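Biologist: Can you load the model for me? I have a few quick things to ask.
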Amino acid sequence: MCARYMELIRKILITLEYSNQTQGRIPLKFDWYSDDEISYHVKILAEQGIIAATDCSNLNNFAWQAKGMMWDGHDYIDAIRDEGRWQKVKEWIKSTGKILTMETLKIAVKELFFYDRTQPCAARYLLIRATH
């Protein structure tokens with residue numbers, strides 16, 4: 001349907017995290033992104049178990065509505081909420097020559113922020129395996 005935009009995914013997760021709504025659908029609007037692009041990203045995030053969402057599509061309209069974050073969504077946003085960390089993650093992935101995907105994002109976050117750098121890191125091996 002459309003391209004996957006990791007920046008939009010990050011914006012959706014941040015918006016859901018800061019939403020005070022605990023029930024119903026959470027409205028999402030972002031400059032530079034169409035309603036269809038936002039709906040598509042809500043759909044793929046829901047399919048991955050990162051957010052809870054509802055398919056409100058009909059014959060004339062493609063519409064997925066976000067309802068909240070799941071456990072993995074909180075883990076992702078905890079790691080990339082800060083703009084400085086987000087830039088480091090993107091730079092690290094680019095330096096490895098890999099594509100920015102949810103899987104490489106997870107590995108980059110672990111490599112940059114959670115592993116003890118004095119120990120050999122299995123994340124480098126996992127990154128190579130996950131993307132081949």
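Biologist: Is T104 buried or exposed?
Modeller: T104 is buried, with a relative accessible area of 0%. Buried means under 20% relative accessible area, exposed over 50%, and partly exposed in between, using a 1.4 Å probe and protein chains only. This is a predicted model, where local features need pLDDT of at least 70, side-chain atom pairs count only at pLDDT 80 or more, and totals for chains, interfaces and linings use all residues. Residues are numbered from 1 along each chain as its sequence is written, and side-chain values use heavy atoms, with hydrogens and water left out.
Biologist: Which helix holds T104?
Modeller: T104 sits in helix α5, residues 102-114. Helices are DSSP runs (H or I, at least four residues), strands too (E, at least two), numbered from the N terminus.
Biologist: What does the side chain of T104 reach?
Modeller: The backbone oxygen of I99, at 2.8 Å.
Biologist: New topic. How do the axes of α1 and α2 cross?
Modeller: At roughly 75 degrees, and they come within 10 Å. The axes are lines fitted to C-alpha atoms over the stretch in contact, and angles run from 0 to 180 degrees between N-to-C directions. So α1 is roughly perpendicular to α2, a label for angles of 65 to 115 degrees.
Biologist: Which residues meet there?
Modeller: L8, I9 and I12 in α1 meet E37, I38, H41, V42 and L45 in α2. Contact means heavy atoms within 4.5 Å.
Biologist: And how many helices and strands in the chain?
Modeller: 6 helices and 2 strands. Along the sequence they run α-α-β-β-α-α-α-α.

Notes: Parallel < 35°, antiparallel > 145°, perpendicular 65-115°, else oblique. Polar contact = N/O pair within 3.5 Å; in protein donor to acceptor, adjacent residues only side chain to side chain.
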